[in-house]
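Please read them with the structure open.

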Amino acid sequence: MGMLSLPGFLSCGKKKDFSLTNEKDAHSSDSDENSERGNWSKKGDYLLSMVGYAVGLGNVWRFPYLTYQNGGGAFLIPYTLMLALAGLPLFFMECSLGQFASLGPVSVWRILPLFQGVGITMVIISAFVTIYYNVIIAYALYYLFASFQKVLPWSDCFSWADEFCSKTQIVSDCNATLGGEIVHANFSVITSHNLTCINGTINYKPVQFPSEQYWNKVALQRSSGLDETGRIVWYLALCLLLSWVIVAAALFKGIKSSGKVVYFTALFPYVILLILLVRGATLEGALDGIEYYIGSQSNITKLMEAEVWKDAATQIFYSLSVAWGGLVALSSYNKFHNNCYSDAILVCVTNCVTSVFAGFAIFSILGHMAFVSKRPVSEVVDSGFDLAFVAYPEALSKLPVSPLWSFLFFFMLLLLGLDSQFASIETLTTTIQDISPRVMKKLRLPVTLGLCAVLFLLGLICVTQAGIYWVNLIDHFCAGWGILISAVLEIIGIVYIYGGNRFIEDIEMMIGKKSCLFWMWWRMCWFFITPVLLMAILVWSLITFSRPTYGSVLYPTWGTAVGWCMIIFCVIWIPIVAIVKILKAEGNLVQRIVSCCRPAANWGPYLECHRGERYSHIVDSKKKKEHEIPTVTAITY
C-alpha cells in the first residue's frame with residue numbers, strides 16, 4: 001500500500017484534471033499556459049492571424065487609389081508619419097492590453113469599469129462590419145466562379161448589355177470643314193461625306209465598359225436606389241451562404257483551427273500579388289501606370305493640403321484595424337511573456353509594405369488598360385468597389401489566358417477577406433467566452449454555427465437588388481465615426497484615467513524592464529500626439545459630413561436617418577454602461593464616479609503566477625471555491 005498526494009495546480013495555469021468525464025475544450029490543449037482560455041499553438045499562428053486581420057481588401061483597392069489621388073509617391077510621406085504617430089501607438093496599446101489581462105474587448109475594461117461601454121461598442125461595430133464584409137467576400141466568390149469560362153462574361157457587350165455599352169469611346173458629333181466653312185454635325189454625317197473632325201471639337205457619347213454594366217446589371221442586378229429593395233439575388237445569396245460556411249468551418253475549434261487556416265489564407269495572397277506584378281510589368285503601358293502611381297507625376301505640393309494628411313491618417317487607422325476589438329481578442333490568447341512590442345512593429349510594417357506592394361501590382365495592369373483603351377490612367381481608375389469589380393476585371397479581360405488571371409485575382413480577394421473575417425468573428429466568440437466560459441467550453445461549435453447563421457440572415461438585405469446601397473451605408477457610418485469615438489475614449493481612458501505610466505509598468509511585467517529613453521516616444525504619442533490626431537480626424541469627419549452616395553445615386557433622407565440610428569445604437573452603450581456602473585456603486589455621486597474610474601478588484605494578469613507583488617491582492621473566485629471543496633489527499637493501492 002502507498003500514498004500519493006494530489007496537488008490542485010501543477011504549474012502556471014495548468015491544472016490536473018481528475019474528473020471521470022475528462023471533458024476538454026477544443027480551444028485549449030495540454031501544452032497551453034492558460035488551460036481555461038487556451039493559447040495559440042505557435043507564435044506563427046498569432047502573427048499570421050494578426051497580419052491577415054490587418055491586411056484586408058482595403059490594402060488592394062483603397063490605398064493605391066488614395067496614393068495617386070494625393071500626389072502619388074509624395075503621399076507616402078504623410079502615410080509613414082501617420083503610421084508612426086497614430087497607427088503604431090494604438091496597435092501596440094491594444095496588443096499589450098489584451099495580452100496582459102488575457103481577456104476580450106469587453107471584459108478587458110476591468111481596467112476602467114466606467115468605460116466598459118467602449119468595449120461593447122467595439123463588439124457591436126465588429127458585428128455590423130462582419131455582416132457587410134462577408135457580402136463583399138460573396139461578390140469575390142461570384143466573380144471567382146464566373147471566371148471558370150473560356151470567355152470571361154464581362155469581356156464584351158453580350159445579351160445583357162444596352163446601347164451605352166462599348167469597349168471604346170464612341171464619337172457623337174464634332175466640327176468639320178465643308179466648302180471653306182466650319183459646320184457642326186453628327187459623326188455619322190461627317191463620315192458619310194468623308195470629312196475629318198477638327199481636333200478639340202469632338203464630343204463623345206456617354207458609354208460604359210462591359211465590366212461596368214456586368215457589375216451593375218448582372219452581378220448586382222442593381223436597382224435605382226435604396227427605395228427600391230427588389231428581390232434577393234439568389235446566386236449572391238448562395239455565395240454569401242458559402243462564405244459563412246467557410247468561416248464557420250475555419251473557426252469550429254476557435255484559434256486552434258483558425259490558427260492553422262491562416263498559414264494559407266494570409267500567405268498565399270502574397271504569391272498571387274507577385275504573379276500579378278510580374279505579369280503586369282511585362283505588359284505594354286505598364287510603366288505609365290507605375291509612373292502614375294509613384295513616378296514622375298508625383299506632386300510634392302499636395303503635402304500642403306490638409307485633406308492629404310487626413311486621408312493618410314484615416315487609411316492608416318482603418319487598415320491596421322485598431323479600435324475594432326479584434327487586436328485585443330487575438331492578443332488575449334498569447335502567453336503572458338510574449339514580446340508584444342516586436343509583434344506590433346512587425347505586423348504594422350508588414351501591413352504598410354503590403355499596401356505599397358499591392359499598388360505596384362494593381363497599377364501596372366491598369367496602365368496597360370489605359371494603353372489599350374487609349375485613355376489616360378486617371379480615367380480608368382476609380383475607388384472602392386469600382387476598382388475591384390469594374391476597372392481591374394476589365395483590365396484582366398484584355399490579357400491572354402484571361403480566365404486564369406481573373407481566377408487568381410478574385411481568389412486573392414477571397415483570401416484577403418476571409419482572414420480578416422476570421423478575426424472579426426473570433427472577436428465576437430471571445431466576448432461570449434469571457435461572459436460565459438462554461439457555455440463556450442461545452443457548446444463552442446453550436447454557438448459558432450448559431451452566430452454565423454444569425455449574421456448570414458442579417459446579411460440577406462445586402463444581397464437584394466438594393467444590397468450594394470446597404471453595404472455602402474453600413475460602411476459609411478459604422479466603420480467611420482463609431483471606431484474613431486471608441487479609439488479616442490480608449491486612449492484617454494487608459495492614459496489619463498488609469499494612468500499611462502501605470503500601463504507602462506504593466507507592459508514591463510510582460511516584456512521586461514525598459515529604459516526611460518525606450519518609453520520616451522511612446523509616452524509622447526500616448527499622452528499627446530495620438531489623441532490629438534484622432535480628435536482632429538473625428539472633428540474633421542463631422543464637419544465635412546455629407547449625405548452618403550453610391551456613384552451618382554444620392555441616398556434618401558430616411559436612408560441617412562437609418563445610418564445615424566446604426567451609429568447611435570453602436571455608441572449609446574458608452575453612456576448607458578457608465579450610468580449603470582455609477583448607479584451600482586456606493587457613496588455620493590463623486591465617490592461613485594471615482595470608484596468607477598478605478599480598476600476592478602479582479603483586474604490584472606489572468607494567471608496567479610504572473611501577478612507578482614503588484615497584483616498579489618487579487619483572489620480568483622473560481623480558485624477560491626476550489627480550495628473550499630474538500631479534496632482527496634491520498635489514494636490507497
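1. Helix α1 (residues 43-54) and helix α8 (residues 255-265) have axes that come within 8 Å and cross at roughly 60°. On the α1 side the contact is made by Gly-44, Asp-45, Leu-48 and Ser-49, and on the α8 side by Gly-259, Lys-260, Val-262 and Tyr-263. Bear in mind here and below that the model is predicted.

2. The UniProt record, an unreviewed entry, places the feature "binding site" at Gly-52, Ala-54, Val-55, Asn-59, Ser-319, Asn-351, Leu-416, Asp-419 and Ser-420. These positions are spread over 369 residues of sequence, yet they cluster in space, with a largest C-alpha distance of 13.7 Å.

3. Which helix holds Asn-59, one of the annotated positions? Asn-59 belongs to helix α2 (residues 57-69). Its relative accessible area is 2%, which is under the 20% limit, so Asn-59 counts as buried. Setting aside neighbours within four places in sequence, Asn-59 is in contact with Ala-54, Pro-64, Asn-351, Ser-355 and Ala-358. Among these, Ala-54 and Asn-351 also carry the "binding site" annotation in the UniProt record.

4. The side chains of Asn-59 and Asn-351 are joined by a polar contact of 3.1 Å. Asn-351 sits in helix α13 (residues 340-373). Why is Asn-351 classed as buried? Asn-351 has 0% relative accessibility, and the class takes in anything under 20%, so it qualifies. Not counting residues up to four places away in sequence, Asn-351 touches Ala-54, Val-55, Asn-59, Tyr-79, Ser-319 and Leu-320. Of these, Ala-54, Val-55, Asn-59 and Ser-319 are annotated as "binding site" in the UniProt record.

5. Ser-355 is likewise placed in helix α13. Ser-355 is buried, with a relative accessible area of 0%. With residues up to four places away in sequence left out, Ser-355 touches Asn-59, Phe-63, Tyr-79 and Tyr-293. Tyr-79 is also among the residues touched by Asn-351.

6. Helix α2 also packs against helix α11 (residues 306-319), where the axes come within 11 Å and cross at roughly 170°. Because angles over 145 degrees count as roughly antiparallel, α2 is roughly antiparallel to α11. The crossing of α2 past α11 is left-handed. Gly-58, Arg-62, Phe-63, Leu-66 and Gln-69 in α2 meet Asp-311, Thr-314 and Gln-315 in α11.

7. How do helix α7 (residues 234-250) and helix α15 (residues 402-435) pack? Their axes are 10 Å apart, at an angle of about 60°. The pair α7 and α15 is therefore oblique, and the crossing is right-handed. Trp-244, Ile-246, Val-247 and Ala-250 of α7 make the contact with Leu-418, Gln-421, Phe-422 and Ile-425 of α15.

8. Helix α17 (residues 467-477) is largely enclosed by the rest of the structure, because 9 of its 11 residues are buried. The buried residues in α17 are Gly-467, Ile-468, Tyr-469, Trp-470, Val-471, Asn-472, Leu-473, Ile-474 and Phe-477.

How values were computed:
Residues numbered from 1 in each chain as written. Predicted model: local features only at pLDDT ≥ 70, side-chain atom pairs only at ≥ 80, totals over all residues. Heavy atoms only, no water. UniProt positions renumbered as here; feature names shortened; annotations may be inferred. Helix = DSSP H or I, 4+ residues; strand = E, 2+ residues; numbered from the N terminus. Buried < 20%, exposed > 50% of the residue type's maximum accessible area, 1.4 Å probe, protein only. Contact = heavy atoms within 4.5 Å. Polar contact = N/O pair within 3.5 Å; in protein donor to acceptor, adjacent residues only side chain to side chain. Axes fitted to C-alpha atoms, helices over the stretch in contact; angles between N-to-C directions. Parallel < 35°, antiparallel > 145°, perpendicular 65-115°, else oblique. Left-handed = near helix turned anticlockwise from the far one by under 90°.
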